[in-house]
Amino acid sequence: MPAQFHEAIYQETMTVFDKEGNPGNNLVPRIPEIQKVLDDPNVKGALTSLLGADYYMQPHRHPHYNPPGSQGQNMHQDGGKRWSHHTRRLLVFYYPQDTPLELGPTGVVPMSHYYSTREGSGVAPEQPIVGKAGTVAFANYDLWHRAMPNSSEKRRYMMKFLYTRMSEPQEPTWANKETDWTNGKPVGPAEHQEMFRHLWNWHRGIEDSEAGGTSNGESLSGLISALNSTSESTGLQAAYELPRFGERAIPALVQCLQDESEMTRRNACYALNAVGSAAVEPLRDTLKDAREYVRDNAVEALGDLGTKAEPAVPELVEVLSDPSGSVRSHTIEALGTTSQSSSIAVPGLVKALEDENDGVRRNAVFALARIGKDAPGAVEGLQSVLFDANRYVRGDAVHALYRIGTPAAKSALLRYLETTRWCPVTSKESTF
């Protein structure tokens, strides 16, 4: 895009902030020219490569303002951390002005999104996202990041968007010319090559077992013990080495889901997901465990297996009546990734739209959006939450109706949009 295009957005952003304050989720309707950035072929190509062709920009978006002379932020992860390393959510940053180091760019810690503890904030040197006006950066949602100090006299803006994968990967969605992760040349830290290899294979839509692999001589019991290491890096390394043992590792990993240590349970989930389809049946057997956290971890692990866990969908539907709000919420999330090619879960998900728990309702709407064309029976239920008290339940219900795409869904969607449309040029100075 030409430099004057980004300059115009920068000037308009300053005007909006000065007269109206931060527009928050209304960023795009308030400054609709920003959509041209997001529709640029380079941006769409990158999003397709990372999230698949039917990626979705969620209702949450936020312009971040870093004022002149600021001290910046502390390093942090955004809320909603999941026990998954699979690329289902992205942060997308757009900078409408030149952003050199002195202007306080976004600082990121490469590879830190694999970590759930503070250890992640120090696994690599901080890297500033510097560039010319119009720079767009893509980051895993769980990446440790911050606004760096702005030592200049100029305002720094960054527009943040949240994008989500709607369909589990079946094949590469980028110009994949090499099938092997490293092609004989290791990339990144040597100790985490198995983790990288698993994620590479996941994006290509294949199981690690299909790509081959043998034990490196480590003992099974030693790696199981390492899952509870005080070093998260050591635990992660062990988690992705364990799948080399194949099905032999599964009983011990399922047993780890009963451990009192959250670290052990989390690393066991990573390992079970790297083992793949063979872990589905043993995980299904744990769904009725008396302990809430065991059931919770089991549904999370099945959900992260995605369509590989489709045989467990009937049992997951039964778990929708679990007394625990956390278990219900994670079960619904799991149904959104495991039942994407059938309507089996739809009646239970529609019922969950009435749940008093905000998280349960929001996950139910999003799961129905992922099921999409196989959820025509959800139209009436989705209509009922278009005016939900939670803004994200409303927003995701709109996309769910769009993806269902039946005449009834389109009719409900158009009626809602006509009623709630917002005029971005109306202000207190110009009301009509």
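User: How much space lies in the largest cavity?
Analyst: A cavity is a set of points on a 1 Å grid, over the protein atoms alone, where a 1.4 Å probe fits but cannot get out. Points are joined across faces, edges and corners, and volume is the space filled by probe spheres set on them. For the largest cavity this space is about 60 Å³.

User: Which residues are closest to the centre of the largest cavity?
Analyst: The model is a predicted one, in which local features need pLDDT of at least 70, side-chain atom pairs count only at pLDDT 80 or more, and totals for chains, interfaces and linings use all residues. Residues are numbered from 1 along each chain as its sequence is written, and side-chain values use heavy atoms, without hydrogens and water. The largest cavity is lined by 13 residues (an atom within 4 Å of a point). Closest to its centre are H198, W202, I206, N273 and K308.

User: Which element gives the largest share of the lining of the largest cavity?
Analyst: Helices (H or I, at least four residues) and strands (E, at least two) are DSSP runs numbered from the N terminus. Two or more lining residues of the largest cavity come from each of α5 (193–204), α10 (262–275) and α12 (292–305). The largest share, three residues, belongs to α5.

User: How many charged residues are in the lining of the largest cavity?
Analyst: Ala, Val, Leu, Ile, Met, Phe, Trp, Tyr, Cys and Pro count as nonpolar, Asp, Glu, Lys and Arg as charged, and the others, including Gly, as polar. The lining of the largest cavity has four nonpolar and five polar residues, and its charged residues number four.

User: Which residues are closest to the centre of the largest pocket?
Analyst: A pocket is an open set of points with protein on both sides within 12 Å along at least five of seven lines. The largest pocket contains about 890 Å³ of space. Of its 22 lining residues, the closest to the centre are P59, G395, V398, Y416 and L417.

User: Which element supplies the largest share of the lining of the largest pocket?
Analyst: By class, this lining has eleven nonpolar, five polar and six charged residues. At least two of the lining residues come from each of β1 (56–66), α18 (391–404) and α19 (407–420). The largest share, seven residues, is that of α18.

User: At what angle do the axes of α18 and α19 cross?
Analyst: Axes are lines fitted to C-alpha atoms, for helices over the stretch in contact, and angles between N-to-C directions run from 0 to 180 degrees. The axes of α18 and α19 come within 8 Å, and they cross at roughly 145 degrees.

User: How many nonpolar residues are in the contact of α18 with α19?
Analyst: Contact means heavy atoms within 4.5 Å. Here R394, V398, L401, Y402 and I404 of α18 meet A409, A412, L413, Y416 and L417 of α19. The contact has no polar and one charged residue, whereas its nonpolar residues number nine.

User: Is α16 roughly parallel or roughly antiparallel to α18?
Analyst: Angles under 35 degrees count as roughly parallel, over 145 as roughly antiparallel, 65 to 115 as roughly perpendicular and the rest as oblique. Helix α16 (residues 358–371) packs on α18 at about 20 degrees, with the axes 8 Å apart. Therefore α16 and α18 are roughly parallel.

User: How many charged residues are in the contact of α16 with α18?
Analyst: The contact of α16 includes D358, R361, R362 and R370, and that of α18 includes D396 and R403. By class, there are eight nonpolar and no polar residues, and the charged residues number six.
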